[in-house]
2 protein chains.
Amino acid sequence: MKVNGIPYRTIWPHPTDERIIQIIDQRHLPHRFVVEDLASVQDVFTAIKDMHVRGAGLIGATAGYGMYLAAMEVSQSDSFDTHVKNAAEKLKSARPTAMNLFWAVDKQREAISSVNSKDEKISIALQTAKEIADSDAEYCRRIGEHGVTLIEEISRRKGGKPVNILTHCNAGWLAFVDFGSATAPVYAAHDKGIAVHVWVDETRPRNQGAALTCWELGNHGVPHTLITDNAGGYLMQQGKVDLVIVGSDRTTHTGDVANKVGTYLKALAARDNNIPFYVALPSSTIDWETADGVKDIPIEQRDPDEVKYVEGWCGDEVKKVRICPENSPAANYAFDVTPARLVTGLITERGICNADRDSIQKLFPKKQVL
Amino acid sequence: MKVNGIPYRTIWPHPTDERIIQIIDQRHLPHRFVVEDLASVQDVFTAIKDMHVRGAGLIGATAGYGMYLAAMEVSQSDSFDTHVKNAAEKLKSARPTAMNLFWAVDKQREAISSVNSKDEKISIALQTAKEIADSDAEYCRRIGEHGVTLIEEISRRKGGKPVNILTHCNAGWLAFVDFGSATAPVYAAHDKGIAVHVWVDETRPRNQGAALTCWELGNHGVPHTLITDNAGGYLMQQGKVDLVIVGSDRTTHTGDVANKVGTYLKALAARDNNIPFYVALPSSTIDWETADGVKDIPIEQRDPDEVKYVEGWCGDEVKKVRICPENSPAANYAFDVTPARLVTGLITERGICNADRDSIQKLFPKKQVL
């Protein structure tokens, strides 16, 4: 999508030197737009671990390029296989719960071992890294293509008045290689000339909505308004929301949706006000094992300081302020699970389906492999 | 309630000089405990207008003492009546939507005009100011007395294990003269030796939960944990909440509750998980005119910068940080309305009743006048 009028992805090979991979260092957003060069496995490991990049799709794509850099790094004295194996293990350890990370690394190991010479290995690793990134972007593009039909229908019903869409957290192009999941239908609508307006939940504690979603929508020119996480219910009561679209960190094959904490509260409000609540996801987030999401999806508890402190721009630098007494205990549950009964539908790369076992299996007759 | 082990109210006459009124200057909480002397109508006006004091009950009590200071301020040359009338108008203009402010000022004008000499006027004004403060504290104490029965029952059912209570914003003793509304049953339980634990919603955008509720519970020794506004739904799904108690800014005589934005989302989650959702309120917040709260209660829109910026402690001073791009539009709806159908009951100074017209009228057969 566009940044200052120029189309970007979140990761790409350096335009004049393919030994270098470039990313948007998202730690500086929204306050500074910083492009970082990654020239080694160590660089990629740090970028993933310290969250220069984040989001399932983008972590996978970055790991893919990391394995390409690993193949290039092998010196004469090293054993190629040992080096690549060590790099794979290192990269996998950067974010131990990221499914796409494991998948991308394993896909690269398979590709690299399928050819013999060092040059061939490097060449196939670059090609595979590009394929991983391209397919991530393509899946998101298709989510947009399917999801935009929902927006078009509401726009028709409203006689072309802006369609008000509420979203939570950042399931935007910054979390993938391009387009995003929840934002893909919004960008598709905007680019088709359909009037849209997005209510952006700030998404405490890490404020990914305020920092990232506002930034990307603003740069692409999509009208939007930042709100507190508390405000969505009121807006729905007052008829100011036509549609909710959120992303998903894990979706059970029965349709339960684990997503950033607070999603469930918005789903309840949408149901109470008869507003459609959709979840946009590439099928790689579908969990084909778990049936009861509320009971069985483990919820990460993060550092309580993320709740006690808020980070932002102050004067000419980023600072943290404490919002409570120094010794107040705090708890930081990072996700919640929205039961399938509250989900109007899932927007996937293969189309839109109901959030239930039969509908999901009909769209994905075999366990989906990206 | 206690601060550093010493019992406090939020407002009191200076212990050795009754020409001075003392308040806790709440702008500095939770970072500094500052007691401020108010010695003139102008001091009181500033304290109310610039929110050194806030909360319906406390604003009323402060205005009551303000009228006492007005009576004392009259010099020989002034006309007593003109001076008191001007002071009354000035104080009423400090927070133009605060019902208790008007009520306290008018009550004082009536008292002052009921006697003749200047000394008598000053004396009755002090007495009336104390009565207003005492009755505010007494009403809250009774709310605690009634509400604690709910906590005792849950405690029995749980075999004495801590009763987990979730609250939103600050309907604590800092918003009244003592005890608070939503917190009164909690303090009553704690002081009786019943094990309680409070989940405190931070309550964006102004973070009154994080700054004020955490501070007052911590000082009184009540176990509590700060959470984001997003987390309550997850906690309820996981059985970690036994009871929700919130305050109310305005309650229709049909049981709809206008309270700090986000309250409605917690009411929905409580209903979805069969958790009792109670609203604690002195009957002075009951609106005897309005029947449909969702439709007819006007919701204040405040400065969008409260959403874009977060204030907190940084190093050795209070600073503000911006959490979104500089030019992001933001909206700041300050309240929402929880429909009566989601409210398990109202805890008032006269007892607990259902949130419907008949039950409320039974408890308050005439329009309630404090």
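In the predicted model, Pro205(B) is situated in the loop that runs between strand E7 (196-201) and helix H7 (208-220) of chain B. The peptide bond leading from Arg204(B) into Pro205(B) is cis, and its omega is near 10 degrees. Asn207(B) belongs to the loop between E7 and H7 of chain B as well. Although Asn207(B) is not a glycine, its phi is positive, at about 60 degrees. Asn207(B) is buried, with a relative accessible area of 4%. Most peptide bonds are trans, and a negative phi is found in most residues other than glycine.

Chain A also contains a cis peptide bond, from Leu29(A) to Pro30(A), with omega near 5 degrees. Pro30(A) is placed in the loop between strand E4 (21-24) and strand E5 (35-38) of chain A. A positive phi, near 60 degrees, occurs at Met51(A), a residue other than glycine. Met51(A) lies in the loop that links helix H1 (41-49) and helix H2 (56-73) of chain A.

Asp229(B) is located in the loop between strand E8 (224-227) and helix H8 (232-237) of chain B. Asp229(B) is buried but forms no salt bridge. The nearest side chain of opposite charge is that of Lys266(B), 4.9 Å away, whereas a salt bridge requires the nitrogen and the carboxyl oxygen to be within 4 Å. A polar contact, at 3.0 Å, joins the side chain of Asp229(B) to the side chain of Asn230(A). With neighbours within four places in sequence set aside, the residues in contact with Asp229(B) come from both chains: Asn230(A) and Leu265(A) from chain A, and His168(B), Asp201(B), Glu202(B), Thr203(B), Arg204(B) and Lys266(B) from chain B.

Helix packing was examined for H4 and H5 of chain B. Helix H4 (residues 99-113) and helix H5 (residues 118-157) of chain B pack at an angle of about 145 degrees, and their axes are 9 Å apart. The crossing of H4(B) and H5(B) is right-handed. On the H4(B) side, the residues that meet H5(B) are Trp103(B), Ala104(B), Lys107(B), Gln108(B), Ala111(B), Ile112(B) and Ser113(B). Their counterparts in H5(B) are Lys121(B), Ile124(B), Ala125(B), Thr128(B), Ala129(B) and Ile132(B).

Terms used. Residues are numbered from 1 along each chain as its sequence is written. Chains are lettered from A and ligands numbered from 1 in the order in which they are written. This is a predicted model: local features need pLDDT of at least 70, side-chain atom pairs count only at pLDDT 80 or more; totals for chains, interfaces and linings use all residues. Side-chain values use heavy atoms; hydrogens and water are left out. Helices (H or I, at least four residues) and strands (E, at least two) are DSSP runs, numbered from the N terminus. Buried means under 20% relative accessible area, exposed over 50%, partly exposed in between (1.4 Å probe, protein chains only). Lys and Arg count as positive and Asp and Glu as negative; His and the chain ends are not counted. A polar contact is a pair of N or O atoms within 3.5 Å; within protein, one must be able to donate a hydrogen and the other to accept it, and residues adjacent in sequence count only if both atoms are side-chain atoms. Contact means heavy atoms within 4.5 Å. Axes are lines fitted to C-alpha atoms, for helices over the stretch in contact, and angles run from 0 to 180 degrees between N-to-C directions. A crossing is left-handed if the near helix is turned anticlockwise from the far one by less than a right angle, and right-handed if clockwise.
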